[in-house]
Amino acid sequence: PSYTFEFLRSDFIARITIASLAIPQGISYAKLANLPPILGLYSSFIPPLVYAMMGSSRDLAVGTVAVASLLTASMLGNEVNANESPKLYLHLAFTATFFAGVFQASLGLLRLGFLVDFLSHATIIGFMAGAATVVILQQLKGILGLDHFTHSTDLVSVLRSVFSQTHQWRWESAILGFCFLFFLLITRYISKRKPRFFWVSAMAPLTSVILGSILVYLTHAEKHGVQVIGHLKKGLNPPSFTDLVFVSPYLSTAIKTGIITGVIALAEGIAVGRSFAMFKNYHIDGNKEMIAFGTMNIVGSCTSCYLTSGPFSRSAVYFNAGCKTAVSNIVMAVAVMVTLLFLTPLFHYTPLVVLSSIIISAILGLIDYEAAIHLWTVDKFDFIVCISAYAGVVFCSVEIGLVVAVAISLLRVLLFVARPKTFILGNIPNSMIYRNVEQYTNTSSVPGVLILEIDAPIYFANASYLRERIARWVDEEEDKLKSSGETSLQYVILDMGAVGNIDTSGISMLEEVKKVMDRRELQLVLANPGAEVVKKLNKSKLIEKIGQEWMYLTVGEAVGACNFMLHTRKPDPLKEESEAYNKV
């Protein structure tokens, strides 16, 4: 209701600008996926209309993406050769898009979007950079004008394919390709240095297509080794629901491809949407976005589209162009519709080498070496995850790189859970504050009291480790006190402020720790347990065993109670030692 003519003007200008980028990019990415070029235009028509009705981002530019296109080509190409069985390959691409949409929508409906978060920031940086490297290497086929090229995506196979065919390199194609690539990179540099000239880089791909087509038409370069797109069918998207493949042996391939490409497209699209929402200070609903992505891919699979998402390069131009709402997606879809109805014959003479140049210039932005350097500076483990993802993609395959990166990320999560941090706390002078003695070197210990902080929930995965760690801390403290001749250890305080939850294994661990402390004539004290923890400890009767008088709201209160007991009931160390000896 609040939509104004001013918004329409801004959205119209933004989308006409982005349409000039989306049309050549759509054709290019369809070729990257080994699909007919017309599918790139189909996929820029229907999905944006669906997203405009269902999505929550005002700045997301919907369309095909390079990484998802590469994944589609790689995973489907392992089962079906696109050149030998183009019809089956096309139908599998539609089926994979359908399952990607079902998976994405299911995540949103079941509110399972947190699963996408297992693709950590470091994983995405490495994976995207590796995929970008592979995509650039794949474009050497178009740049050099090669007819035969490897279907593998790893570095060794691609370089072997390139340098084993040096006699087939076409210098005309190479010169044309590098000239257009130089032009595209220059326009991109200008727009980056002068943001108000964003339209320069946005118009460059369409300008390249027009100039390349005119050059080929005038010089008849297609007869001298320069490959062209050829005939593009006029008309809107034909229905493709009957083309979906739900039978063996290809169903499992379509499902696997759909899930993996769906996760990658979802992670990229939501990350891009959130980034621009932050700039404009509004909120996007992650679950709503997943449902929107899923719906547009389900509808797209039934209307001759393959996987779409929200590519960053297009969305950045869209943002700089001053878009206001998702209505601009409708404007772009109308521009693509006009192209499909009337302008497709104009792309007949577009050289494939120009499409390769467009892909390379667009994909270079995904190689974020500055982010990798930042990871090395801040967190070496994240850097290892990033490099593992990159190396897996470049030297093995896209799927292996993704699996390796996710596996290492999950390993880190398991290490955090299974090996939580425990600290000895000391008192900051002239205060009731207790902090980690390693971080605050000016803290002082409390005579006769050992204060330990457990910095994680207590689960079956870390219960044994924590039991052993607590016992080791106690042993080390007693040895230190014995060697220094100070007051013997009487109390062990566990600061449970960071223990958000506990399971039955954790409760059993605390019961065992209590028994060990009793045998050693030490008193176990709990400080600051959370509500959920207290509820479970109460149901398990552990509070009765420990004693309610040994549970406190803060570490300071617990220390105060222990000090009171130490000063009012002074223990005899020699007597305790004699009694312990007799018991043994």
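Tutor: Glu532 is partly exposed, at 31% relative accessibility. The scale is simple: buried is under 20% relative accessible area, exposed is over 50%, and partly exposed lies in between (1.4 Å probe, protein chains only). The model is predicted, so local features need pLDDT of at least 70 and side-chain atom pairs pLDDT 80 or more, while totals for chains, interfaces and linings use all residues. Residues are numbered from 1 along each chain as its sequence is written, and side-chain values use heavy atoms, without hydrogens or water.

Glu532 has a partner. Its side chain meets that of Lys535 in a salt bridge, 3.6 Å from N to O. The term means a side-chain nitrogen of Lys or Arg within 4 Å of a carboxyl oxygen of Asp or Glu. Both residues sit in helix H21 (residues 531-539), three residues apart, so about one helical turn separates them. Helices (H or I, at least four residues) and strands (E, at least two) are DSSP runs, numbered from the N terminus. Lys535 is partly exposed too, at 42% relative accessible area.

Next, helix H19. Here Glu477 and Lys480 join their side chains in a salt bridge of 3.7 Å, N to O. The spacing is again three residues, so this pair in helix H19 spans about one helical turn. Glu477, however, is buried, with a relative accessible area of 9%. Side chains of opposite charge can pair when their charged atoms come close.

Asp475 also lies in helix H19 (residues 463-484), but its bridge reaches out of the helix. The partner is Arg520, with 2.6 Å between N and O. Arg520 belongs to the loop between helix H20 (504-519) and strand S5 (523-527), 45 residues from Asp475, so this pair links distant parts of the chain. Each end is partly exposed: Arg520 has 29% relative accessibility, and Asp475 has a relative accessible area of 34%.

What else does Arg520 touch? Leaving out residues up to four places away in sequence, its contacts are Ala471, Val474, Asp475 and Glu478. Contact means heavy atoms within 4.5 Å. Gln490 is 30 residues from Arg520 along the chain, and their C-alpha atoms are separated by 9.3 Å.

The UniProt record, an unreviewed entry, places the feature "domain: STAS" at residues 439-562. Positions in that record are given in the numbering used here, feature names are shortened, and annotations may be inferred rather than shown by experiment. Over residues 439-562 the chain is 48% helix and 15% strand.

Now the wider setting. A search of the whole structure finds nine salt bridges. Elsewhere, Asp379, Asp382 and Arg412 are linked in a network of such bridges.

Then the nonpolar side. The largest nonpolar core has 95 residues. Such a core is a set of buried Ala, Val, Leu, Ile, Met, Phe, Trp, Tyr and Cys residues joined through side-chain atoms within 4.5 Å. Among the residues with the most contacts inside it are Ile27, Leu35, Phe127 and Tyr306. Helix H11 (residues 251-280) gives the most to this core, with 10 residues. A second, separate core holds 49 residues, including Leu466, Trp473, Leu537 and Met551.

Take Ile27 from the largest core. Apart from neighbours within four places in sequence, Ile27 is in contact with Pro37, Gly40, Leu41, Ile229, Leu232, Phe347 and Leu355.

Gln165 is buried, with a relative accessible area of 9%. Its contacts, beyond four places in sequence, are Leu146, His148 and Phe149.

Finally, the backbone. Most residues other than glycine have a negative phi. Arg111 has a positive phi of about 55° although it is not a glycine. Arg111 lies in the loop between helix H5 (86-109) and helix H6 (121-138), and it is exposed, at 58% relative accessibility. Asn430 also has a positive phi, near 60°. Its loop runs between strand S1 (422-427) and strand S2 (434-436). Asn430 is exposed, with a relative accessible area of 84%.
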